[in-house]
Amino acid sequence: MDDCDNATCPEDELTLPRSSVNKMIKEVLPHLRVANNSRELILNCCTEFIMLLSSHSNEICEKKNKKTILPEHVIEALRELGFGDYVPEVNDVLSNFKSEISSRKRGNKKLDKLGISEEELLRQQQELFAQARQQHYEAELAQHNAALAAAAAAANNASVGEIPAATLSGVQQSSAEQTGADEDDDDYDT
């Protein structure tokens, strides 16, 4: 078991991911082979540099009675630690980061690539909603009309089964009446 606990040995847990450091090494030195113990040394140096820079930035932040470390605190810490040569590059990275964040806040990149204004997209969306509502209404109306036609057909089929007997007697009566009427017509002719 280890003699130190989390409060006394936090450095063991505070390291950069090995894969990220290995990727950076390959990007910077693509044609050079780096030994594993050299990779470990680079990893430890990077971790130590970040810890030194962040603790010094925190001291500057506390001196200025701030609770959040700002980019200006980090830049000032770089100068005080003797890394002033890195400040222009850090400023470039910071400005790129700020512009990227502001473009994210402005809107979706896909929306920017469309070349259509937000108002036009909103108008098109409203048109699509109106078309969808109309199609839904027409489908409901067609369903309703089909249900009415089916009900009417069912009513006709039910009536047709009952009507023939009634119709036949009605037809027989009307033809008898018609025959009697024809006979009456004959009486008047003579």
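Biologist: Helix α2 holds Arg39, and the model is a predicted one. Which side chain of opposite charge is nearest to Arg39, and how far away is it?

Modeller: Arg39 is buried and has no salt bridge. The nearest side chain of opposite charge is Glu40, at a distance of 9.3 Å.

Biologist: Leaving aside neighbours within four places in sequence, which residues is Arg39 in contact with?

Modeller: Contact here requires heavy atoms within 4.5 Å. With neighbours within four places in sequence set aside, the contacts of Arg39 are Asn22, Ile25, Lys26 and Val34.

Biologist: How many aromatic pairs are there, and what is the geometry of Phe49 and Phe83?

Modeller: The count of aromatic pairs is 2. For Phe49 and Phe83, the centres are 5.1 Å apart and the planes stand at 85°. Planes over 60 degrees apart fall in one class, so the pair of Phe49 and Phe83 is edge-to-face.

Biologist: How many residues apart are Phe49 and Phe83?

Modeller: Phe49 lies in helix α2, whereas Phe83 lies in the loop between α3 (71-80) and α4 (87-106). The pair thus links distant parts of the chain, its members being separated by 34 residues.

Biologist: Why is the pair of Phe83 and Tyr86 classed as tilted, and which residues do the ring pairs link into a cluster?

Modeller: The ring centres of Phe83 and Tyr86 are 5.9 Å apart and their planes meet at 40°. Ring pairs link a cluster made up of Phe49, Phe83 and Tyr86.

Biologist: Which residues of α3 are buried?

Modeller: Buried residues have under 20% relative accessible area. In α3 they are His73, Ile75, Ala77 and Leu78.

Biologist: What accessible area do Val28, Leu29 and Leu32 have together?

Modeller: Leu29 belongs to the loop between α1 (18-28) and α2 (36-63). Leu29 is partly exposed because its relative accessible area is 36%. Val28, Leu29 and Leu32 form a nonpolar surface patch, whose accessible area together is about 290 Å².

Notes. Residues are numbered from 1 along each chain as its sequence is written. This is a predicted model: local features need pLDDT of at least 70, side-chain atom pairs count only at pLDDT 80 or more; totals for chains, interfaces and linings use all residues. Side-chain values use heavy atoms; hydrogens and water are left out. Patches are made of residues with over 30% relative accessible area and no salt bridge: like charges are joined within 9 Å, nonpolar side chains (Val, Leu, Ile, Met, Phe, Trp, Tyr) within 5 Å. Accessible areas come from the Shrake-Rupley method with a 1.4 Å probe; for residues, only the protein chains shown count as cover. A salt bridge is a side-chain nitrogen of Lys or Arg within 4 Å of a carboxyl oxygen of Asp or Glu. Helices (H or I, at least four residues) and strands (E, at least two) are DSSP runs, numbered from the N terminus. Buried means under 20% relative accessible area, exposed over 50%, partly exposed in between (1.4 Å probe, protein chains only). Rings of Phe, Tyr and Trp (its six-membered ring) pair if their centres lie within 6.5 Å; planes under 30 degrees apart count as stacked, over 60 as edge-to-face and the rest as tilted. Lys and Arg count as positive and Asp and Glu as negative; His and the chain ends are not counted.
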